Amino acid sequence: MKAIVIDNYGGKEQLKEREMEKPAINDNQVLVEVHATSINPIDWKLREGYLKDMLPWEFPIILGWDAAGVVAEVGKNVKHYSVGDRVFARPATTRQGTYAEFVPVEMELLAHMPESMTFEQGAAIPLTGLTAYQCIVGFAEVKKGDKVLIHAGAGGVGSMAIQIANSIGAYVATTASDKNDELVKSLGANRVINYSEEDFSELLENFDAVLDTMGGEVLDKSFKVLKKGGKLISIAGQPSAEKAEEHGVKASDFWLEPNGEQLQKLAHLFVSGELKPAIGHVFEFTEQGLKDAHELSESHHARGKIVIKIKS
């Protein structure tokens, strides 16, 4: 199979196209023929070596943790999936990633793709959708009528989180640039704060939950908008325990747990029209295509998701 791999940590020039053995599966896995994948910040953070102590893998490493495709093989213990099924997944975090024509996936991490969903849409949902779902529904336990602030609403996680919170019936505020104002409103944001001209921490108060996707100063200021008993979750930093105590709120950092059952719930939201991935860019499955996609992701200025088309 064709794959894009890294043999060393470093810049985007480490991404190399190569022919690899098609992976074998165990009794509880399916082999997915990948039609599309997508780029997430974990991809280039791992490529740069920032995660090597947490994930001490041997080279070569195939990056990528979003897959949409068709079941090519099933392990003998696998139920509910057959060869030819259209599926999508956020596979386990291993060195056998999704920048490849085939990827092994545990059956409990898979979900069936709705007929109306394209492979590009399927690839754009799992990692960011599950992150948003676990933050908004899991940690923050957002209910109808709650007030939620979602930072960087035009980004991969932010755009999903706005739609999930909106589907629950929450009031959603978000931060975005001028050029993304219409986009975030179309996703269901009730209030948009232009971060280059306005300070959200001076405009908002008494919020039930904040999803921080930025870290740093944005994370620190987010405590100020919460009411007592509010919840702050960050995918970009470790919230201060002292500040949490001082403001009387619950605060946590976040690490994604892949989950097929939750992904199937996101598929239902897609079918009902309440969740649609914002796809900003589609690149070809070539060494240069992946390098360009990584460069765009690292710029922090990608609008919506960056998708890689593996099969046309």
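**Entry 1: helix H1**

I began with helix H1, whose buried residues pack against E3, H3 and H10, where contact means heavy atoms within 4.5 Å. Helices (H or I, at least four residues) and strands (E, at least two) are DSSP runs numbered from the N terminus. I noted that the model is predicted, that local features need pLDDT of at least 70 and side-chain atom pairs pLDDT 80 or more, while totals for chains, interfaces and linings use all residues. Residues are numbered from 1 along each chain as its sequence is written, and side-chain values use heavy atoms, with hydrogens and water left out.

In H1 I found Ile-42, Asp-43, Trp-44, Leu-46 and Arg-47 to be buried, and I take buried as under 20% relative accessible area, exposed as over 50%, and partly exposed as in between (1.4 Å probe, protein chains only). Gly-49 follows H1 with a positive phi, near 100°.

**Entry 2: helix H10**

I then looked up H10, residues 287–298, which has 12 residues and reaches 17 Å from its first C-alpha to its last, close to the 16 Å expected at 1.5 Å a residue; the expected span is 1.5 Å times one less than the number of residues. The buried residues of H10 are Gly-289, Leu-290, Lys-291, Ala-293, His-294, Leu-296 and Ser-297, and the buried residues of this helix pack against strands E1 (2–5), E3 (29–39), E14 (279–284) and E15 (305–309) as well as helix H1 (41–48).

Is Ser-297 buried or exposed? Ser-297 counts as buried because its relative accessibility is 10%, and, leaving aside neighbours within four places in sequence, I list its contacts as Ile-39, Asn-40, Pro-41, Trp-44 and Ile-306. His-300 follows H10 and has a positive phi, near 65°.

I traced an open sheet of 6 strands in the order E10-E9-E8-E11-E12-E13, with parallel pairing; two strands pair if DSSP finds at least two bridges between them. Strand E10 (191–194) and strand E13 (250–253) are at the edges and have a single partner strand each, so one side of each is left without a neighbour in the sheet. Neighbouring strands of this sheet are turned by 15° against each other on average, direction ignored. Within the sheet, 3 bridges join E8 (residues 147–150) to E11 (residues 207–212) in parallel, and Ile-150 stands opposite Leu-211 in E11.

Helix H3 lies across E8, E11, E12 (226–234) and E13, and runs at about 155° to E12; axes are lines fitted to C-alpha atoms, for helices over the stretch in contact, and angles run from 0 to 180 degrees between N-to-C directions. H3 is mostly covered, with 12 of its 14 residues buried.

**Entry 3: nonpolar cores**

Which members of the largest nonpolar core touch the most other members? Of its 90 residues, these are Phe-88, Tyr-99, Ile-136, Ile-150 and Leu-266, and helix H3 (residues 126–139) contributes the largest share, 7 residues. A second, separate core of 14 residues includes Ile-193, Phe-223, Val-225 and Leu-232. A nonpolar core here is a set of buried Ala, Val, Leu, Ile, Met, Phe, Trp, Tyr and Cys residues joined through side-chain atoms within 4.5 Å.

**Entry 4: Val-157**

Val-157 sits in helix H4 (residues 156–168) and is buried, with a relative accessible area of 12%. Beyond its neighbours within four places in sequence, I find Val-157 in contact with Thr-128, Thr-131, Ala-132, Leu-211, Thr-213 and Ile-235.

**Entry 5: strands E3 and E6**

I counted E6 (residues 102–106) as mostly covered, since 4 of its 5 residues are buried. E3 and E6 run antiparallel and are joined by 5 bridges, with Val-30 opposite Val-105 in E6.

**Entry 6: backbone geometry**

Most residues other than glycine have a negative phi, and most peptide bonds are trans, and I therefore logged the exceptions. A cis peptide bond with omega of about -5° joins Phe-59 and Pro-60, and Pro-60 lies in the loop between H1 and strand E4 (67–74). Glu-141, in the loop between H3 and E8, has a positive phi of about 45° although it is not a glycine, and is partly exposed at 48% relative accessible area. Ala-152 has a positive phi near 55°, lies in the loop between E8 and H4, and is partly exposed at 24%.
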